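Hi,

Here is the structure I promised to pass on. Have a look, and my notes follow below.

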Amino acid sequence: MIRTLISALAMTALLSGAASAETHEVHMLNKGEKGVMVFEPALVKAAPGDTIRFIPTDKGHNAESIDGMIPDGAEGFTGKVNREVEVTLDTEGLYAVRCKPHYAMGMVMVIAVGDATTPDNFFEGRVPKKAKERFEEELGAL
């Protein structure tokens with residue numbers, strides 16, 4: 001009887017944790033509210049354990065994290081062009097995401113997981129001018 005009760009409580013705890021995780025949809029677009037070659041939304045505020053689903057609404061796009069612009073200890077991700085990709089983010093911090101074919105055109109977005117703040121060295125690497133402008137705009141909204 002006690003074993004059954006403990007098993008039931010453990011299962012309830014596991015299921016309630018899974019139920020609280022959200023899935024956020026991000027569309028990859030040729031043209032959106034903020035111009036051409038955009039992710040919408042361009043800023044996602046997520047909790048640890050949430051899933052981000054990138055949807056290639058228009059053809060020719062992918063979503064991938066940018067090396068050096070994700071939290072320490074987090075795993076990067078790379079989606080294929082014209083393919084939907086889902087990532088579950090467990091590490092708190094900022095994740096910079098780009099569409100590799102349109103990075104120079106500023107097709108970037110930010111995912112803030114948990115209590116994320118902008119690290120001082122966030123722009124240390126080489127970032128195209130248009131991408132940097134869009135990153136700064138989204139980071140200003142945090």
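First, a term: on a 1 Å grid over the protein atoms alone, a pocket is an open set of points with protein on both sides within 12 Å along at least five of seven lines, and its lining residues have an atom within 4 Å of a point. This is a predicted model, where local features need pLDDT of at least 70, side-chain atom pairs count only at pLDDT 80 or more, and totals for chains, interfaces and linings use all residues. Residues are numbered from 1 along each chain as its sequence is written, and side-chain values use heavy atoms, with hydrogens and water left out.

The pocket lining: Gly68, Met69, Ile70, Pro71, Asp72, Glu92, Gly93, Leu94, Thr117, Pro119, Asn121 and Phe122 surround the largest pocket.

Now the aromatics. Rings of Phe, Tyr and Trp (its six-membered ring) pair if their centres lie within 6.5 Å; planes under 30 degrees apart are stacked, over 60 edge-to-face, and the rest tilted. That rule gives five aromatic pairs. One of them joins phenylalanine 39 and phenylalanine 54, edge-to-face, with 6.2 Å between centres and 75° between planes.

Finally, Phe39, Phe54 and Phe77 make up one aromatic cluster.

Cheers

Note on methods
1 Å grid on protein atoms, 1.4 Å probe; cavity = no way out; pocket = protein on both sides within 12 Å on 5 of 7 lines; lining within 4 Å.
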